[in-house]
Amino acid sequence: MSDSAYARAGVDTSRAEEAVAGLVDVLRRIDPGRPSRAVLGSGHYANVLRLDDRTGIALSTDGVGSKVIVAEQLGRFDTVGVDCIAMNVNDVICVGAEPIAILDYIAVEEAEPEMLRQIAEGLRAGAEQAGVEIPGGELAQLPELIRGHPSPRGFDLVGSCFGTVALDAIVTGARVEPGDAVIGLPSSGVHSNGLTLARRALPDLDERPPELGGASVGETLLEPTTIYVRAVVDLLDSGVDVRGLAHITSGGLLNLLRLEAAVGYEIDRPLPRLPIFDLIAARSRAAEGELFEVFNMGCGFCCVVPADQTDAAVELLDSHHAGSAVIGRATEDAGTVRLPGLSGTAGAGFSPR
């Protein structure tokens, strides 16, 4: 296991990447007995299946992760449904698709009616924010598998999102060019990545540090993930040439390198860091580079557009998410993301410049 703060907390991302690579290598050799309908290769935020010559269906699946432990410990379950919706729809819009539906899977230690009602309230709120339906799902009672913190509050929450996109309108990042502007959209907090490290750094969920302005640690960690669907769909419909879309989750701003173009990115004006990240930094032994690999650090989504179209794009995005701003640009230094004082590549992470 590597000697990072995240690994010491129990999550070794380098080993996980090796495991995922092996998994994907096997699955991509599936022979369905017909030509594949997949339009994109692995590595995108979502894939697209060809339905006919014009239309594709975008697919993605994700869960809430260890954020459910915070919900269990606080006995509050009305926000994690928003996270489940957000983590899925924010990925599907990255390929230029409009999300239309979510299916949810809830595994519980015990089918407690009030807990499930609260989870459903969050799912409904997230679905309405994203403009999607939840036409079905699955509830599984697995007391031998699911153990709560504390028992019997244990649960896991996962979703799968379906969207539609015209095949000639798929956004892959392949058209990004050096000099294009990177616009950052602010996050609401930790979102749904890095909670294992955040909980290790801040174990007292009832604590109300002055940095959090009166809110408790638990309340701050449970702040729902921002849903960017309406802003991005409006941008795609606006006439702005949207060349790249990136959901900033695990991996942080290195996720920009998932876009297909052979470019790098200079992020010289990052969005303001939220107080929760300063607090995690102060309480953990995580290096600055690791913090930017694990957390969104205040920027939850990025849009890449031509430099001469930034004013229109920022005005539109800021009307949805106040504080949206140009944070940098694409460069000729392919495969590298540079931040103030840091330089990073996929797989190697960030290190001091």
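How many salt bridges does the structure hold? The structure holds 19 salt bridges, a salt bridge being a side-chain nitrogen of Lys or Arg within 4 Å of a carboxyl oxygen of Asp or Glu. The model is predicted, so that local features need pLDDT of at least 70 and side-chain atom pairs count only at pLDDT 80 or more, while totals for chains, interfaces and linings use all residues. Residues are numbered from 1 along each chain as its sequence is written, and side-chain values use heavy atoms, with hydrogens and water left out.

Side chains of opposite charge can pair when their charged atoms come close. One of the salt bridges joins R117 and E114, with a distance of 2.8 Å from N to O. Both residues belong to helix α5 (residues 113-130), where they are 3 residues apart, about one turn of the helix; helices (H or I, at least four residues) and strands (E, at least two) are DSSP runs, numbered from the N terminus. R117 is partly exposed, with a relative accessible area of 42%, and E114 is partly exposed at 34%, where buried means under 20% relative accessible area, exposed over 50%, and partly exposed in between (1.4 Å probe, protein chains only).

A further salt bridge is found between R353 and E266, whose closest N and O atoms are 3.4 Å apart. R353 lies in the segment after β13 and E266 in strand β8 (residues 264-266), so this pair ties together parts that are 87 residues apart in sequence. R353 counts as exposed, at 54% relative accessibility, whereas E266 is buried, with a relative accessible area of 18%.

Eight strands form an open sheet with mixed pairing, in the order β7-β9-β6-β10-β8-β11-β12-β13, two strands being paired if DSSP finds at least two bridges between them. At its edges are β7 (244-247) and β13 (349-352), each of which pairs on one side only. Within the sheet, strand β11 (residues 336-339) and strand β12 (residues 342-345) pair in the antiparallel sense over 4 bridges, and T336 has T345 in β12 as its bridge partner.

H44 is located in the loop between α2 and β1 (47-50), and this residue is buried, with a relative accessible area of 15%. The side chain of H44 makes a polar contact with the side chain of E260 at 2.9 Å (a pair of N or O atoms within 3.5 Å; within protein, one must be able to donate a hydrogen and the other to accept it, and residues adjacent in sequence count only if both atoms are side-chain atoms).
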